[in-house]
Amino acid sequence: MTRLDDLQSWLALEHEAVWLYGLIGARVDGVAPSAQTSYDAHRLARDRLLALVDEAGGEPVGPALTYGDSRVDSSREARAAASSIEERVAAACVTVFGGADADGRRFAMSGLRRAALAALRWGAPVRAFPGLD
Amino acid sequence: MSRRSLLGSGLTVATVAAAVVAARAGGVLDDALRVVGVEPHPEPDPGDTRSLERAATAQAVLIASIDATIGAHPDLEGDLNPLRVVADEQLVAVGGSLAATSVGPAPKEPGDAVAELSRLAAESAEAREDDAVSAASPDVARVLASMSAGLSQLVAAFGVVRS
C-alpha cells in the first residue's frame, strides 16, 4: 500500500505542473518545445496518479481554480517557475517513496528521477539530495 | 579491507577499507539521517546499514575517480569541481570517507575519462534505487532514493562536460 495522503499531495502538484506548462507553452515562444515535453510528461503522471488514488479508494483531488500570480512572460521567469515546480514534485515523490510498498516505490522513483532531471534542464543546480535538501 | 576490480575501464582498482567497514558497528545510519534532518531510530536495520555502506563505498570510488580525472586532465577542473562538491555532500551524508579509497589512473582521453565518471554515477544511481526499494526504514529509503536521483543529475551534468 502507498499512503493515500502522500499520493494526493503529489497529484495536486501534477495538476499545477500541467497548468504551468500550458501557460508557459502559450506565453513564451523560446521555450515552447521544452514546455510541451514537460506538459506531456506531467499529464501522463497526473493520469496515472488519478487512477492510483481511485484504485486506493480515495477521491482524487482536482486542480485548483488558480495557482497564484506567478509571472511567466519571459524565458527567465518560465525557467524559474518550471524548476520550482519540478523540485516540489521531487519532494512529493520522496515523501511518497518512504511510505510506499515496492511497486509504489518504483513508481515514486520514476517520478523523482524525471523531476530531478527536468529541474536541471529548466536551470536548477545539481543537488546532492533532490527532494530532500 | 575489500579490493575489487571495476571491469571495462581505466579506473581498475578500487580499494575501499576501514572507514566504511568499521562504521558497521555504529553511527553510519544515524549520521546519514541527521544530515538530512531526520531523527535517527534507536535500532537501525542491519540491511539498511549495509545499504548505506554500499552507498558510501561506491561514492568514495566515484569521488576518487573524479580526482584522478582532474589530476590527469587539469583543463576539466573548472567543470568537475562543482560536481565533486555535490558528490562529496552525498559521501558525507552516508557516513563515507575517502581515507582508504584508491583508484587506477584516469583514461588518457578527456572524453573517455568523463564518460567513465558518467558510467560510475549511473551504476550507483541504479544500485541506490534497488537498495532504496528494499529498505526497511522509510527514512533510509528516502535518503537512498533521493541520492539515486542526485546521481542521475550528476550523470546528466557529466554529459554536458563531455560535449
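This briefing describes how two protein chains meet in a predicted model and how selected residues are placed within it.

Because the model is predicted, local features need pLDDT of at least 70 and side-chain atom pairs count only at pLDDT 80 or more, whereas totals for chains, interfaces and linings use all residues. Residues are numbered from 1 along each chain as its sequence is written, chains are lettered from A and ligands numbered from 1 in the order in which they are written, and side-chain values use heavy atoms, with hydrogens and water left out.

**The interface between chain A and chain B**

- On chain A, 23 residues are in contact with 28 residues of chain B; contact means heavy atoms within 4.5 Å.
- The two chains bury about 2100 Å² between them, and 63% of this area lies on carbon and sulfur atoms. Buried area is the accessible area (1.4 Å probe) that two parts lose on being put together, summed over both.
- A:Arg106, A:Val126 and A:Phe129 supply 28% of the area that chain A buries against chain B, more than any other three residues.
- Between chain A and chain B, 15 residue pairs are in polar contact, both residues being at pLDDT 80 or more. A polar contact is a pair of N or O atoms within 3.5 Å; within protein, one must be able to donate a hydrogen and the other to accept it, and residues adjacent in sequence count only if both atoms are side-chain atoms.
- Helices α3 (75–98) and α4 (102–121) of chain A each supply at least two residues of the side of chain A that touches chain B. Helices (H or I, at least four residues) are DSSP runs, numbered from the N terminus, as are strands (E, at least two).
- The most is given to this side of chain A by α4(A), with 9 residues.
- By class, this side of chain A has 14 nonpolar, 3 polar and 6 charged residues. Ala, Val, Leu, Ile, Met, Phe, Trp, Tyr, Cys and Pro count as nonpolar, Asp, Glu, Lys and Arg as charged, and the others, Gly among them, as polar.

**Salt bridges**

- Over all chains, the count comes to 16 salt bridges, and the count between chain A and chain B is 3. A salt bridge is a side-chain nitrogen of Lys or Arg within 4 Å of a carboxyl oxygen of Asp or Glu.
- In chain A, a salt bridge joins the side chains of A:Asp6 and A:Arg3 (3.4 Å, N to O). A:Asp6 counts as buried because its relative accessibility is 12%, whereas A:Arg3, at 43%, counts as partly exposed. Buried means under 20% relative accessible area, exposed over 50%, and partly exposed in between (1.4 Å probe, protein chains only).
- A:Arg71 and A:Asp73 also form a salt bridge, with the closest N and O atoms 3.4 Å apart. A:Asp73 is partly exposed at 42%, and A:Arg71 is exposed at 54%.
- A network of salt bridges links A:Arg27, A:Arg71, A:Asp73 and A:Glu77.
- In chain B, the side chains of B:Arg84 and B:Asp67 meet in a salt bridge (2.6 Å, N to O). This pair links distant parts of the chain, with B:Arg84 in helix α4 (residues 77–93) and B:Asp67 in helix α3 (residues 46–72), 17 residues apart.
- B:Asp67 is partly exposed, with a relative accessible area of 31%.

**The largest nonpolar core**

- This core has 78 residues, of which A:Trp10, A:Ile24, B:Leu80, B:Leu154 and B:Phe158 touch the most other members. A nonpolar core is a set of buried Ala, Val, Leu, Ile, Met, Phe, Trp, Tyr and Cys residues joined through side-chain atoms within 4.5 Å.
- The elements that give two or more residues to this core include α1 (4–27) and α2 (32–55) of chain A and α5 (110–134) of chain B.
- The largest share of this core, 12 residues, comes from α6(B).
- Leaving out residues up to four places away in sequence, B:Leu80 touches residues including B:Ile66, B:Leu117 and B:Phe158.

**Two further residues**

- B:Ser152 lies in helix α6 (residues 138–162) of chain B and is buried, with a relative accessible area of 10%.
- Not counting residues up to four places away in sequence, B:Ser152 touches A:Arg113, A:Leu117 and B:Ala125.
- A:Leu44 is found in helix α2 of chain A and counts as exposed at 63% relative accessibility.
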